[in-house]
Every structure is written in C-alpha cells, then in structure tokens.
Amino acid sequence: MPGSHTSGAYPPLVSAEASGDEVFGHAEAEGFEQVVFGHDSATGLRAVVAVHSTVLGPAIGGTRFRPYEREAAAVTDVCRLARGMTFKHAVAGLDAGGGKAVILGEPATLRSDQLMRAYARVIDGLGGRYLTAEDVGTNQADMDLIGSVTPYVTGRSVSLGGSGDPSPATAWGVRCAFDAVAKRLWGAADLAGRHVVVSGVGKVGSALVDHLIDAGCRVTVADVAGAAVLAVRRRHPAVEVVDPADAHAVACDVFSPCAMGAVLSGATIAQLRCAAVCGSANNQLQTPADGARLADHGVLYAPDYVVNAGGVINIAEERRRSGATYDRDRAWAQVAEISTTLQRVLARADADGTTPAEAADRLVEERLAAANRVTAVRSVTT
Ligand code: NAD
C-alpha cells in the first residue's frame with residue numbers, strides 16, 4: 001500500500017550517505033512545511049511531495065516524472081521547485097501556496113495506470129494541502145486518471161471540467177509580459193519590427209512565436225529538436241533559425257529562453273547582445289548574482305516566475321469555478337494582468353535601486369509576511 005512515511009517498516013528512500021541533513025537542511029533553510037515520501041512496492045512507485053508553504057492557500061505544483069541519478073537529487077529538485085511555486089503564486093496575487101512532486105524513474109518504462117493510481121492515493125492522503133498538475137514527464141491523461149482517485153488535481157481535460165494543458169496560457173502570459181518590457185524600453189506596448197530570439201520552441205515557445213508574429217515581430221528560433229523547428233517554420237516560413245548554442249548571443253531586442261533553466265550565467269550574460277530577457281523557462285538565473293550581472297551588462301531582466309505564471313493563473317480560474325464550467329476568456333483576461341504585475345516589479349526595482357529579480361522576491365516576501373501576520377492575529381483572536 002502506498003503511504004506517507006519517513007521511517008518504520010519501509011526501507012529509507014534517501015540513502016544513508018544523503019540522509020536526514022539533506023532533507024531537513026532544506027526544511028531549515030527554506031522554511032518548508034512538509035516533505036512526504038510515497039512508496040508502493042507492487043508498482044515500483046517512489047515519489048516525493050514537497051509542500052513549501054500553505055500560507056496563502058493549498059500548495060499547488062506539477063508532478064515531474066523522471067529518473068534521478070541519486071534519490072537525494074530528487075529531494076533537492078522537488079524542494080527547489082516547490083519553493084519556486086510559492087513565489088510564482090504569491091507574486092501573481094493568487095491565493096495558493098507552493099508545492100511540487102516528483103516520481104522517480106523513467107516514465108517510458110515505469111509508468112502504469114496502477115502506479116499513477118498509487119501515486120494519486122499518496123496525494124489524497126495529504127487531504128488537500130497539496131494539489132497536483134502536469135509537469136515534465138506527466139500529461140493530461142495522467143491528471144485525468146489521478147482525478148478518478150482524488151479531487152486534489154488540476155489541469156484535467158476540458159471535457160472533465162478542467163482547464164486542460166496550461167501551455168497556451170503560459171505562452172499568452174509571456175506575450176503580455178513583452179508589453180511591459182516594450183513600455184519600459186521603448187515607451188509603448190508596441191512590438192512591431194522588434195527582433196525576438198526564442199530559444200526552445202516546444203509547447204510554450206512555439207505558441208509564443210505565433211503571438212510574436214501576430215504582433216509584427218521579426219523572430220529567430222532555436223531548438224535542439226529539428227522537428228520542433230520544422231513545425232514552426234511550416235507555420236511561419238519567414239522565421240530565421242540559429243544553432244541553440246548561439247541563440248543567447250544573437251544581436252536582437254529580446255532574448256526569450258523557453259527551454260531549460262540556468263541559461264543566464266556569468267559566461268552567457270557576457271555574450272548577450274539584447275536589450276531584454278523575457279521568456280518562459282523556469283529558474284533562468286544560474287545563481288542569484290546573475291540578476292545583478294544582467295543589470296551591469298545593461299540588460300533588462302523580466303523575472304521568470306513573474307513572466308511564466310500564465311499556467312498557474314489559468315489553473316486558479318479552474319479552481320475558482322469549481323462546480324461550474326471553466327471560462328477560458330475570463331482566465332486569459334487574468335493572465336494578461338502579468339503585464340501589470342511586471343510593471344509593478346520594475347517600478348519597485350527603480351524605487352529600491354535594485355534589480356527586477358530582487359524586487360520580485362521582495363514583493364513576495366512582503367505578501368507572505370503580511371499573510372503570516374493575519375494568521376497570527378486570527379489565532380490570537382479565535
Ligand atoms: P517543452 O518540453 O514542450 O519544450 C521545450 C523545448 O525546448 C523542446 O522543443 C526541446 O527540444 C527544447 N530544448 C531542450 N533543450 C534545449 C536547448 N538547450 N536549447 C534550445 N532548445 C532546447 O516544454 P514547455 O512546456 O514548452 O516549457 C518550456 C519551459 O517553460 C520549461 O522551462 C518549463 O519549465 C517552463 N514552463 C512551462 C510552463 C507550461 O505551461 N508548459 C509553465 C511555466 C514554465
């Protein structure tokens with residue numbers, strides 16, 4: 001039977017070498033509320049769910065299904081991602097906390113309906129403190145299956161009352177963030193004639209290219225998958241193509257990372273020839289110091305978790321309308337507010353004389369501190 005445990009009859013999930021300290025080290029350093037291990041020997045399920053914060057509401061975040069070289073690496077990954085979700089929800093003004101889950105293993109060989117059901121029971125056991133969604137290695141069919149076991153799942157198929165794949169909403173949010181960038185750099189939310197390099201044209205990047213072409217941009221794309229580039233070129237033959245290794249160094253107005261994290265490092269920032277960076281990829285800065293490096297290099301950085309919140313804003317609409325039909329127009333109008341949020345972040349950076357990345361973090365910390373004060377007052381008065 002699956003269950004949540006950190007000790008007892010089951011073998012420890014975390015190897016002795018990477019034991020306690022690494023798990024509780026994260027909890028101490030980042031203020032985690034809960035890290036739960038789920039295990040089911042019949043199906044081979046090994047899952048870790050991290051609830052970073054429920055201060056603003058139930059923790060929401062996707063389930064990543066992938067192999068890890070070491071179990072401790074999975075714990076590190078899930079904790080880092082869960083914390084990121086707290087920040088993403090908070091800055092977007094959503095009443096949701098931060099959580100994330102990983103299933104360890106190769107989905108192509110390990111995945112089975114029984115395993116997903118066992119995983120769903122682990123989530124169910126958290127009683128609504130954590131709601132899951134799709135992420136790398138999981139898909140909408142998985143969410144539909146999980147939804148047959150537990151109500152604590154988002155992003156199910158539209159036919160089942162869910163909001164479906166979040167990627168189109170994420171791409172729309174990135175497009176709206178471009179408006180804030182254009183206003184700041186060029187005085188108006190007008191992208192006509194601007195040159196944008198989109199690195200990674202998967203679900204989000206390719207939809208973003210459609211929006212940018214509609215807005216009159218000149219677009220260059222890069223992707224390690226030739227098929228992804230071809231699909232874009234079929235729709236937009238005028239799109240230019242560059243080698244993924246060189247994408248960040250192309251002279252352009254905006255560089256838009258829509259693939260992997262950690263693309264902005266000391267080495268790559270020195271090679272940037274853009275006025276701004278604005279893209280969907282999570283964790284774009286390799287280290288916090290890279291926010292300042294970008295500013296020193298004269299590049300405006302639109303913080304990733306502000307820009308790529310469209311998917312979670314879409315999910316919030318699904319939850320708000322529980323029992324009613326998901327309203328896409330309403331959700332997308334909310335997603336468009338990312339432009340306003342980004343303008344607020346940039347204004348705060350100006351006011352504080354700091355970087356946009358630091359300003360976004362401060363706004364989040366203030367919102368969490370205010371919510372914590374309210375909780376404290378409530379517990380005193382009740
Ligand atoms: P995806 O897997 O559909 O697309 C990623 C694309 O990047 C693929 O086409 C892949 O071939 C390409 N790629 C991989 N490595 C690359 C490299 N080194 N250089 C150039 N291209 C490379 O993923 P997605 O859903 O489009 O998400 C893209 C990014 O946005 C990810 O970082 C993801 O975490 C983030 N994000 C996605 C969503 C969403 O709703 N899908 C929401 C928030 C953040």
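Analyst: A residue counts as near a molecule or strand when its C-beta atom, placed from the backbone, lies within 6 Å of it. There are 24 residues around the ligand, and T170, G200, G202, P244 and A259 come nearest. Two elements give two or more residues each to this shell, α6 (167-186) and α7 (203-214); helices here are DSSP runs of H or I with at least four residues, strands are runs of E with at least two, and both are numbered from the N terminus. The largest contribution to the shell is that of α7, with three residues.

The model is predicted, so local features need pLDDT of at least 70 and side-chain atom pairs count only at pLDDT 80 or more, while totals for chains, interfaces and linings use all residues. Residue numbers start from 1 along each chain as its sequence is written.

By class, the shell around the ligand holds 12 nonpolar, 10 polar and two charged residues. Nonpolar covers Ala, Val, Leu, Ile, Met, Phe, Trp, Tyr, Cys and Pro; charged covers Asp, Glu, Lys and Arg; the others, Gly among them, are polar.

α6 also packs against helix α12 (residues 310-320), at an angle of about 125° and with the axes 7 Å apart. That angle makes α6 oblique to α12, oblique being what remains once angles under 35 degrees are called roughly parallel, over 145 roughly antiparallel and 65 to 115 roughly perpendicular. The axes are lines fitted to C-alpha atoms, for helices over the stretch in contact, and the angles run from 0 to 180 degrees between N-to-C directions.

On the α6 side, S167, A169, T170, W172 and G173 take part, meeting G310, G311, I313 and N314 of α12; contact requires C-beta atoms, placed from the backbone, within 7 Å. The contact of α6 with α12 has three nonpolar, six polar and no charged residues.

As for the setting, the protein chain has 15 helices and 12 strands. Of its 382 residues, 49% count as buried, meaning that 20 or more other C-beta atoms, placed from the backbone, lie within 10 Å of a residue's own. Among contacts in the protein chain with a separation of 6 or more, 66% join residues 24 or more positions apart.

Methods:
Contact = placed C-beta atoms within 7 Å. Buried ≥ 20, exposed ≤ 12 C-beta atoms within 10 Å, placed from the backbone.
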